[in-house]
Amino acid sequence: MYLTKEEEKMLNGEYGEATRKAMEILVALGDIFGADRLIEVSSVQVAGVSYDNIGDAGLEFLNELAKDGKVKVTTTLNPAGMDIENWKSLGISEEFAEKQIQVIEAFKKLGIIPTCTCVPYLIGNLPRFGEHIAWSESSAVAFANSVIGARTNREGGPSALAAALTGKTPNYGLHLDENRQPEVLVKVKTNLKFIPEFGALGYVLGKRIGNKIPLIVGVKHTTTEELKSLSASIATYGGTSIFHIAKITPESKKIKRPKEKIEVDRKDIENALKEINDEIEGEDIDFVCVGCPHASIKEIEKIAKLLQNKKVKVETWITTARFIKKLADEAGYTKIIEEAGVKFACDTCMVVAPLKGRFKTLVTDSAKACYYGKNKNNFKVKIGTVEECINAAVNGKWKK
Ligand code: F3S
């Protein structure tokens, strides 16, 4: 891979040890993927924040970098293993909290904005169409590429950090026009109505076309919340980091229709929802969590309306970005929600928090949360609309 004179100096350690290490990572990646050069990025989002995932080895790596490293571009973090301020009421141990705070401190020393969210685009880390960025969280990557039309590969924690410390990333994969073209035309022959149905579409596509890039036709209208849900499930169940929806996503206008075609009808969506759902004994549930990807202010507003003058019977969380929770505070939604007995879990989520063994069942509106709830935390899962989730929380039972 070609390096400029300046980049060679960075690789030779003339700008310090952290920059040298970062350049080493980028050059190795560029060589593996056949990149011709490094390109500048305008924004970074770093995953590998939860102490539950990175452990002491990860913490040590961050502390080493923080000795002389500083990020060059706006950089935010993916969810951590706990609410940084309110971890006690969410049942997190002192031991875990201490380590998690050390991880966040190391990121802060590096100059990273210590906000932990998988929806950086809703809190101001918002790239423009065509901008090159380096993001890690799979749902955010799919959203950035597909909905915004920014360009990012799905970075690992170390490669995103390396991009942040240098302001650069190797020019390969989804940074190039030719790798963003659709491979399968997906005709959706039913009206998708709720967030779980967009999650179900991601599930169907994952099963039927794997990580091929779809051009979806037949979807007439979507909300930001539905698109974030689709981004999460398509990346989880199929692995693609980009999709196009005709007349909705920005690049769909200038791409060619692929020859391979599939159709998705009502039955496919209903079957997907059945397959995502587990059987649970009786109807009793013990955990309800919405906000995967992190809840938007609109979603929180809706939940506040649903919870007015109600009380929940089981542990119920809304996971969101701290910044969005502050908006909810200002708007009065937090008061209604907390009076109903629901907890906000900012900076974290039901997947990266250490929840294994604490609950048996998870009720959620997110297809992605169902996947990780089953596979990481061994929960039995139920997916439903936000109304169904709140009803389940209020009644302590799952009823369709
Ligand atoms: Fe975000 Fe956690 Fe879901 S990182 S996308 S809330 S699994």
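Colleague: Leaving aside neighbours within four places in sequence, which residues is Ala304 in contact with?

Modeller: Happy to start there, and please keep in mind that this is a predicted model. Ala304 has its place in helix 10, and at 2% relative accessibility it counts as buried. Once neighbours within four places in sequence are set aside, the contacts of Ala304 are Tyr333, Ile336 and Ile337.

Colleague: And how many Å separate Ala304 from Gln181, C-alpha to C-alpha?

Modeller: Along the sequence, Ala304 and Gln181 are 123 residues apart. In space, their C-alpha atoms are apart by 41 Å.

Colleague: Let's step back to the overall layout. How many residues does the contact take from domain 1 and from domain 3?

Modeller: The domain assignment gives domain 1 (5-177), domain 2 (181-275) and domain 3 (287-395). Taken over C-alpha atoms, the centres of domain 1 and domain 3 are separated by 27 Å. The contact between them takes 25 residues from domain 1 and, from domain 3, 21 residues.

Colleague: Now the ligand. Which domains does it lie between?

Modeller: The residues around the ligand include Pro79, Cys118, Glu137, Gly291, Cys349 and Lys368. The shell around the ligand receives residues from two domains, so the ligand lies between domain 1 (5-177) and domain 3 (287-395).

Colleague: Which strand gives the largest share of that shell?

Modeller: By class, the shell has 6 nonpolar, 2 polar and 2 charged residues, and the space taken by the ligand is the largest pocket. The largest share of the shell is 3 residues, and it comes from strand 10 (residues 287-295).

Colleague: What is the relative accessible area of Ala134?

Modeller: Ala134 lies in strand 4. Not counting residues up to four places away in sequence, it touches Val41, Ser43, Val44, Gln45, Thr152, Glu155, Ala160 and Ala163. Ala134 is buried, and its relative accessible area is 0%.

Colleague: How many of the residues of helix 14 are buried?

Modeller: Helix 14 (residues 386-395) is mostly covered. Its buried residues, among them Val386, Cys389, Ile390 and Val394, pack against strand 10, helix 10 (297-307), strand 11 (315-320) and strand 13 (361-364). Of the 10 residues in helix 14, the number buried is 7.

Colleague: Which residue follows helix 14, with a positive phi?

Modeller: The phi in question is near 70 degrees. The residue that follows helix 14 is Gly396.

Colleague: Asn309 has a positive phi too; is that residue buried or exposed?

Modeller: Phi of Asn309 is near 60 degrees, a positive value in a residue other than glycine. Asn309 is found in the loop between helix 10 and strand 11. Its relative accessibility is 78%, so Asn309 counts as exposed.

Colleague: One more, then: what is the relative accessibility of Asn378?

Modeller: Asn378 is not a glycine, although its phi is positive, about 60 degrees. It lies in the loop between helix 13 (367-375) and strand 14 (380-383). Asn378 counts as exposed, at a relative accessibility of 55%.

Notes:
Residues numbered from 1 in each chain as written. Predicted model: local features only at pLDDT ≥ 70, side-chain atom pairs only at ≥ 80, totals over all residues. Heavy atoms only, no water. Near = heavy atom within 4 Å. 1 Å grid on protein atoms, 1.4 Å probe; cavity = no way out; pocket = protein on both sides within 12 Å on 5 of 7 lines; lining within 4 Å. Sits in = over half its atoms within 2 Å of the grid points. Helix = DSSP H or I, 4+ residues; strand = E, 2+ residues; numbered from the N terminus. Nonpolar A, V, L, I, M, F, W, Y, C, P; charged D, E, K, R; others polar. Domains from an automatic or database assignment. Buried < 20%, exposed > 50% of the residue type's maximum accessible area, 1.4 Å probe, protein only. Contact = heavy atoms within 4.5 Å.
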